[in-house]
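Visitor: Please show me the structure, and then let us discuss it in questions and answers.

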Amino acid sequence: MPNILIVNGSPHGGKGITGILQKAFVEGAVSVGAHVDEVFLNKKKISPCLGCFNCWIKTPGKCVIKDDQAGLLEKCAWSDILVLATPLYVDGMSAQTKTFVDRTVPLAEPEFILLDDHCRHPSRVKKEWKFALISGCGFHELDNFEALVHHCKRMCINFHAKYCGHVLRPHAHILEFSEMLPNEIKKCLDAVRKAGEEISLHGEISEKVMAEVSAPIVPRAAYINAVNVYWEQELSKIKEK
Ligand SMILES: Cc1cc2nc3c(=O)[nH]c(=O)nc-3n(C[C@H](O)[C@H](O)[C@H](O)COP(=O)(O)O)c2cc1C
């Protein structure tokens, strides 16, 4: 059974929307025997990359910044599957997630090689590494994830890793209202559990399960209405003070 490392880059850690999706994914993975390690970046100290390339020259494979990233690179080496769990921020990953990703540069070697007629770096990770993505977003449409998915697929080429699928939940704040829509939300989270099972058993998430995870839960017009009522109420609470 694979070793799965999940790196959560939500400022809310395990408590937010990303955390709800991640919890169901982990339940599925663990239920079929995968070994799962979860890292919450909101509990870690990781500074941005200095761009000094010392990790390629002076201390090959090691970063000069002494913080929590060293431990995360060891976990990366342990993992067969790396899962990034990030809220969608401005059409991409959160800054916390990107900082972690930038600081994986020590996993590459400095030389350029040609791979599929494209410049790449050789990897120090000498195994068939797999990658998956978990993300939720506020807007209603699934296409909000296009740039993030594209970015992750490009990253996989640089990591010499295989992109194995994703859990993408549009209008994700609906997941916080499980008492109002118990059946719909259970259906969605059951599909997320299935995604965790599939990647553990078969090394990838099927198109069918990805579609089930992302299926609309409420019509767009009703969702817009509910969101606007919520913000109106929040604003009036402030005005009343
Ligand atoms: C800084 C910021 C940027 C965001 N950008 C987008 C966006 O581009 N598209 C979108 O649909 N939702 C966007 N959202 C909504 C988040 O994706 C949503 O609140 C998130 O999935 C919540 O996850 P969390 O509870 O784990 O933080 C943004 C939220 C914040 C705070």
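**Strands, helices and ligand shell**

Visitor: Which strand does β3 join through seven bridges?
Guide: Helices (H or I, at least four residues) and strands (E, at least two) are DSSP runs, numbered from the N terminus. Two strands pair if DSSP finds at least two bridges between them. The strand that runs parallel to β3 and is joined to it by seven bridges is β6.

Visitor: What kind of model is this, and how are its residues numbered?
Guide: Residues are numbered from 1 along each chain as its sequence is written. Local features need pLDDT of at least 70, side-chain atom pairs count only at pLDDT 80 or more, and totals for chains, interfaces and linings use all residues, since the model is predicted.

Visitor: What is the strand order of the open sheet?
Guide: Strands of a sheet pair through backbone hydrogen bonds, either parallel or antiparallel. Here the pairing is parallel, and five strands take part in the order β2-β1-β3-β6-β7.

Visitor: Why is one side of β2 and of β7 left without a neighbour in the sheet?
Guide: β2 (35-40) and β7 (161-169) stand at the edges of the sheet. One side of each lacks a neighbour because each has a single partner strand.

Visitor: Which residues stand opposite L5 in β2 and in β3?
Guide: Strand β1 (residues 3-8) runs parallel to β2 and is joined to it by six bridges. β1 also pairs with β3 in the parallel sense, over five bridges. Opposite L5 stands D37 in β2, and its bridge partner in β3 is L82.

Visitor: Is β3 enclosed or open, and which residues lie on its two sides?
Guide: A residue is buried if 20 or more other C-beta atoms lie within 10 Å of its own, exposed if 12 or fewer, and partly exposed in between, with C-beta atoms placed from the backbone. Seven of the seven residues of β3 are buried, so this strand is largely enclosed by the rest of the structure. In a regular strand the side chains alternate between the two faces of the sheet. In β3, one side carries I81, V83, A85 and P87, and the other L82, L84 and T86.

Visitor: What covers the buried residues of α5?
Guide: The buried residues of α5 include C188, L189, A191 and V192. Contact between two residues requires their C-beta atoms, placed from the backbone, to lie within 7 Å. The cover includes β1, α1, β3, β6, β7 and α6 (207-214).

Visitor: How many residues of α7 are buried?
Guide: Helix α7 (residues 220-240) has 21 residues and reaches 30 Å from its first C-alpha to its last. This helix is hardly covered, and the count of buried residues is zero.

Visitor: Which residues come nearest to the ligand?
Guide: A residue is near a molecule if its C-beta atom, placed from the backbone, lies within 6 Å of it. Of the 17 residues around the ligand, the nearest are S10, G16, C137, G138 and F139.

Conventions
The expected span of a helix is 1.5 Å times one less than its number of residues.
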